[in-house]
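Let's take a walk through a protein together, starting with its overall layout and ending up inside it. Keep the structure open as you read.

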Amino acid sequence: MKHLRIVVVNPVILAGDEDDPALQAQTERARALRIGLLEAGYDIIASLPPDMYLPERIAQLQPDMIIVDAESDARDVLEHIVIATRDERRPIVMFTESEDTASMEAAVAAGVSAYIVAGLHSERIKPVLQVALARFKREQKLLDELSDTKSKLAERKLIERAKGLLMSRQNYSEEQAYQRLRSMAMSKNLKLSEVAQRILDVEDLLG
């Protein structure tokens, strides 16, 4: 946990905007977040603005976790992060002042592991990140199991279709068709589903 490589996403404060009360509050939030992360021993590898280049930068940096510091509505930020984590999911923690239910639901739907409202206090950062990481790992495990189940079901359907084809074309019994597939798979060092797919592909080619 101590060696997590973290990217922080927050707005950039431009020169001349320092007197804006909202931006001053944002600056203080960013400072509190940085202090809390450093005190907890985390590795902040970059602080990035929520712009169109965010997906590319995240792909280059390959962080273990993304933290979003959003003063209010963060839909634009979420859109960029969704693109950035579409192919490789990562735990995302969002600290915000927005209590809007729609924003929270959008964040969760986008893959945010922890949505913390008005909770950016340095002493809370470590437990929040620990819970977010544990939740992300659990969700990822469930997604992997679901993907594996779907893959096995698809393979089983291929095998059943290939068996049915052999039974109709060669007058095999179901057991004979299965043994034929198994024999072909062993001789060619392929999976049963791969042999089944080849048989179905040939059938498609020959009409």
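First, a heads-up: what you're looking at is a predicted model. If you count up its pieces, you'll get 7 helices and 5 strands. Start at the N terminus and follow the chain along, and the elements come in the order β-α-β-α-β-α-β-α-β-α-α-α.

The protein has 207 residues, and 35% of them are buried. How does the chain meet itself? Take the contacts between residues at least 6 apart in sequence: 65% of these join residues at least 24 apart.

Next, head for the largest nonpolar core, which has 20 residues. The members that touch the most others there are I6, L37, I67, V93, F95 and L129. Which elements give two or more residues to this core? They are the strands β1 (5-9), β3 (65-70), β4 (92-96) and β5 (114-117), along with the helices α1 (21-39) and α5 (122-170). The top contributor is α5, with 5 residues.

Zoom in on I67 for a moment. Ignoring neighbours within four places in sequence, I67 is in contact with I6, V7, V8 and V9, with L33 and L37, with V93 and F95, and with L129.

Conventions. Residues are numbered from 1 along each chain as its sequence is written. This is a predicted model: local features need pLDDT of at least 70, side-chain atom pairs count only at pLDDT 80 or more; totals for chains, interfaces and linings use all residues. Side-chain values use heavy atoms; hydrogens and water are left out. Helices (H or I, at least four residues) and strands (E, at least two) are DSSP runs, numbered from the N terminus. Buried means under 20% relative accessible area, exposed over 50%, partly exposed in between (1.4 Å probe, protein chains only). Contact means heavy atoms within 4.5 Å. A nonpolar core is a set of buried Ala, Val, Leu, Ile, Met, Phe, Trp, Tyr and Cys residues joined through side-chain atoms within 4.5 Å.
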